[in-house]
Amino acid sequence: MSAIRPPVTEAILPDVLDTGLAVVFCGTAAGTRSARDGAYYAHPGNMFWRTLFAVGLTPRLLAPAEFPLVHGFGIGLTDLSKHHFGNDDELPGDAFDAGSLRAKMAHFQPRMLAFTSKHAGRAALGPKAGYGLQQISWGATRLFVLPSPSGQARRSWNPAIWQDLARIVSIHSPGTDR
């Protein structure tokens, strides 16, 4: 386990947020590799980008450095902790800012907010949050919890839950016939 790093004043990774998004993906915090590379889900063992393509949320496989392009596919990106990075067990207890996340979602009102791990979902929604579509919403924004795409979370990996999200998002996206 690494020593706890002090927070930085600027966001480790910039949010990719706008109105009209079909889905915003929210992780806990940038990993060490993502912080170093300045790109979401940058570790080669992370399944995020491959899964987005495999389930049909992007028309091609994107490299982590291409993360700003997701906006054009109706996708946004953010983290619960914008000022810390590393593995979840390396983050201080107060690293997650669910209030700020909720305010961003109220402002941008995406159709779906998908947490990219059960840990992120529970940090924002409470200890009872499980995988899949949640029974609660934040205003017009529906909430979904996914298994982590991190290579360190292979035990809980289940691409079928990601496929469920893609199906729900495409059903509610204008102009889709899937």
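The following legends describe close-up views of a predicted model.

The model is predicted, with local features requiring pLDDT of at least 70 and side-chain atom pairs pLDDT 80 or more, while totals for chains, interfaces and linings use all residues. Residues are numbered from 1 along each chain as its sequence is written, and side-chain values use heavy atoms, without hydrogens and water.

View A. Serine 81 belongs to strand β2, residues 75-85 (strands are DSSP runs of E of at least two residues, helices runs of H or I of at least four, numbered from the N terminus). Serine 81 is buried, its relative accessible area being 2% (buried: under 20% relative accessible area, 1.4 Å probe, protein chains only). A polar atom of the serine 81 side chain lies 3.4 Å from the backbone nitrogen of histidine 84. Beyond neighbours within four places in sequence, serine 81 is in contact with Thr28, Ala29, Ala95 and Phe96 (contact: heavy atoms within 4.5 Å).

**View B. Aromatic pairs at phenylalanine 48.** The structure holds nine aromatic pairs (ring centres of Phe, Tyr and the six-membered ring of Trp within 6.5 Å; planes under 30 degrees apart are stacked, over 60 edge-to-face, the rest tilted). In one of them, phenylalanine 25 and phenylalanine 48 are edge-to-face, with centres 5.3 Å apart and planes at 90 degrees. Because phenylalanine 25 lies in strand β1 (residues 23-30) and phenylalanine 48 in helix α2 (residues 48-54), this pair ties together parts 23 residues apart in sequence. Phenylalanine 48 also forms an edge-to-face pair with tryptophan 49, at 4.9 Å centre to centre and 90 degrees between the planes. Both phenylalanine 48 and tryptophan 49 are buried.

Technical notes. Buried means under 20% relative accessible area, exposed over 50%, partly exposed in between (1.4 Å probe, protein chains only). A polar contact is a pair of N or O atoms within 3.5 Å; within protein, one must be able to donate a hydrogen and the other to accept it, and residues adjacent in sequence count only if both atoms are side-chain atoms.
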